[in-house]
Amino acid sequence: MKIYNYINKVKKLDILLSREIAQILLRQGVPFPKSQIEVVIYLYHHQDQVVYQRDLPDVLGITRPMANGLVKHLIQKNAVKLIEDSDDSRLKRIKLMPVVIADIDSRNAAFAKEFNQMEGKMTKGFTQKQRDEFDQLLVRAIKNLEEK
């Protein structure tokens, strides 16, 4: 049963990467826990798009109650705001506050340096070709499982 081995290896990699990311965020003095950071980073990278609160569970792979709780906490921290959609009042757009965007912008170089170091640690001993192949294989595996 190779699938069991794949699951364990991918899960272990996910846990180790999450732990490394948490340490980076702690060192950088980020004022949000990892779960809230995932929302903030998603919104940061999609500033040019309309993001609705209802879309967060699908894009982040979390439950609707969890997404709603994260948004509620981020609103309390003045990190995001909800904006009623002009076409459908049931829909709530979620936007990052300018102060959060500015904070992320000011930390980008430090984040990039730490994340590059983490990637180097993970792929230590890999050739550039192996790094590229590793990435392509991960992408292909995800795409295969997403197909219906």
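**Confidence and packing**

Analyst: Among the protein's elements, helix 1 has the lowest mean pLDDT (88) and helix 4 the highest (96); pLDDT is the predictor's confidence in each residue, from 0 to 100. Helices (H or I, at least four residues) and strands (E, at least two) are DSSP runs, numbered from the N terminus. This is a predicted model, where local features need pLDDT of at least 70 and side-chain atom pairs count only at pLDDT 80 or more, while totals for chains, interfaces and linings use all residues. Residues are numbered from 1 along each chain as its sequence is written, and side-chain values use heavy atoms, with hydrogens and water left out.

User: What is the mean pLDDT of the protein?

Analyst: Residues reaching 70 or more make up 99% of the protein. The mean pLDDT is 92.

User: How are helix 2 and helix 4 oriented to each other?

Analyst: Helix 2 (residues 34-45) and helix 4 (residues 64-76) have axes 10 Å apart and pack at an angle of about 85°. Axes are lines fitted to C-alpha atoms, for helices over the stretch in contact, and angles run from 0 to 180 degrees between N-to-C directions. Angles under 35 degrees count as roughly parallel, over 145 as roughly antiparallel, 65 to 115 as roughly perpendicular and the rest as oblique. So helix 2 is, relative to helix 4, roughly perpendicular.

User: Which residues of helix 4 make that contact with helix 2?

Analyst: Contact means heavy atoms within 4.5 Å. Helix 2 brings S35, Q36, V39 and V40. From helix 4 come L70, H73 and L74.

User: Is L56 buried or exposed?

Analyst: L56 sits in helix 3 (residues 56-60), and its contacts beyond four places in sequence include V39, V71 and I94. Buried means under 20% relative accessible area, exposed over 50%, partly exposed in between (1.4 Å probe, protein chains only). With a relative accessible area of 0%, L56 is therefore buried.

User: And E114, buried or exposed?

Analyst: E114 is in helix 5 and, leaving aside neighbours within four places in sequence, touches I24, R27 and Q28. At 12% relative accessibility, E114 counts as buried.
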